[in-house]
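Hi,

Here is the structure I promised to pass on to you. Have a look at it first, and my notes follow below.

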Amino acid sequence: MSKIARATMREDVDVVIVGAGFAGLYMLHKARGAGLTARVFEAGAGIGGTWYFNRYPGARCDVESMEYSYSFDPTLEQEWQWTERYSTQSEILKYINHVADRYDLRRDVVLETRVTAATFDERRSRWTVETDKGDRVTGRYCVMATGCLSVTNLPPINGIETFKKPIYHTGAWPHEGVDFTGLRVGVVGTGSSGIQSIPLIAEQAKHLTVFQRTPSYSIPAHNRPLAEEEQRKVKAEYPAKRKRALAEGFAIDMQMSQTPAASASDAETKEAFETVWSRGGLGFLGAFSDLVLDRAANDKAAEFLRGKIRSIVKDPKTAERLAPPQVVGCKRLCVDTNYFATFNRDNVALVDLRETPIEEITPDGVQTSASFHSLDALVLATGFDAITGALNRIDIRGRHGARLRDAWVDGPRSYLGLGIAGFPNMFMIAGPGSPSVLTNMMVSIQHHVDWIAEAMSFLAKRQLATIEPLAEAQEAWVKEVEMVANSTLFPACNSWYVGANIPGKPRVFPAYVGFPPYAEKCAAIVANGYEGFALAAQATAAE
Ligand code: N01
């Protein structure tokens, strides 16, 4: 991509937005709608966030296309045509670009520019945002739309820097694509990105070695073209469908069963699991009401899924290695096309790192405790420094120059995942403490942006200068998020949810479980005059 030099920016706007993915772009649209000026900074050379960077083979969304889309404009909803049940990365990116053009969003977005610092000026009640291009833009508000899964995790494997062949991370895939034809490829990591890319890499490569540390549960996508008629039907009832999603825990219209597994006979249990398995996708978790709440119910789901793996994978030893021991859902459930069957191919080998850990990566391959694997290319499907990673990379300073990184040294603390005590007029979209990654992100994003835009309008109407969570409201919220999470099985294993994939990261479950109670709480807080927030009429400078 050609780089065109540009003058550094000095500008005062109402809202500075960091990130031009689905969240940042909708925030821009809403800010404009509220009569506010805005500037968006985006590190990528194009808009789209996650969907700009994650171009690995097989990348597609695991929420169905008809739900993984904006709902704020019925005309947009009606006019856009999806082609498959689960959209590919390229189709989603096309959609984002269509939205940007349709609402004339690009003119306020500055690409290839990474925000490095954001500092709150207490005298003026303004944020100064600085970038790696030397820009200094001030805004009354600063909105962090930095994404939950945007900072790639490059694992500190001994000798990794010595590997002399290409290394690719699924979350930063080359835009020109990669041709693995005739190559011996290694993939490290078997989460969603590994599970989506492994079958396609296996089809192309001469040989594929999968280095698995923890096996994942995965449900078949049963992806298929979306027939015109099916789309028409969904579109005819779109408002009702969106409303149903808002009433579901994961904000996905999965029509979760109201029946607990405990009340079902063995035959009924098997039938229910077979039904959701044959439907495919994340709706598996909706087979019973208590799969992520009750260990016995979860054990039944786990055994069913392990049985499926044994029935697909021909070599019993490989099948056992692929069968996850952990609770279903404590690591994000995956959705795949041909993942387990890929291990029946002659050119695919599985290395179980629990039995034979990687000792080092050498210039030519991977040495485990048992054997050496010569490789021509290495793919790291090793995930992200999730939820807090992107925020902690920016030098964010609130009142009294306090740094967010310091405030979060023991883990993130926020009120509703929307605001942080000591950081007035700064908002996060899908921040820690909101339902974020446990929901259809499109629902969470729109909810947050609408809430934030309403708060901005409220402040303008009342001629208020700042909004900021009260420390005690924040503490109570942090406790509630933890209490709700601990009443579920989500924190039950090591996962990126709890930061276990990043050495030294504090172990905190960062998402509020259950979209409907969260949304109700947010609405009640507004109805009570922004309960738990301090609202100030003028700049409140530090003494
Ligand atoms: O990352 P992950 P991801 N040595 O963290 C392994 C979303 N997403 O990019 O589990 C060896 O889940 C690690 O092993 P372990 C979705 O929310 C959505 O796949 O830590 N292995 C694990 O197997 C998803 O959950 C979509 O023991 C190492 C893997 O790498 C999230 O993004 C598609 C290692 C990382 O899995 C992240 O998914 C893709 C090491 N040092 C992603 N370090 C869809 O919508 C890590 N691993 C479909």
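Let me start with two helices: α1 and α13 cross in a right-handed way, meaning the near helix is turned clockwise from the far one by less than a right angle. Helices here are DSSP runs (H or I, at least four residues), numbered from the N terminus. The axes of α1 (residues 22-33) and α13 (residues 441-462) come within 9 Å and cross at roughly 30°; axes are lines fitted to C-alpha atoms over the stretch in contact, with angles from 0 to 180 degrees between N-to-C directions. On the α1 side, the contact (heavy atoms within 4.5 Å) includes Phe-22, Tyr-26 and Lys-30, and on the α13 side Ile-445, Asp-450 and Met-456 are among the residues.

Please keep in mind that this is a predicted model: local features need pLDDT of at least 70, side-chain atom pairs count only at pLDDT 80 or more, and totals for chains, interfaces and linings use all residues. Residues are numbered from 1 along each chain as its sequence is written, and side-chain values use heavy atoms, leaving out hydrogens and water.

Now the ligand. A polar side-chain atom of Lys-331 lies 2.6 Å from a ligand oxygen atom, and a backbone N or O atom of Ala-381 lies 3.3 Å from one.

Best wishes

Methods. A polar contact is a pair of N or O atoms within 3.5 Å; within protein, one must be able to donate a hydrogen and the other to accept it, and residues adjacent in sequence count only if both atoms are side-chain atoms.
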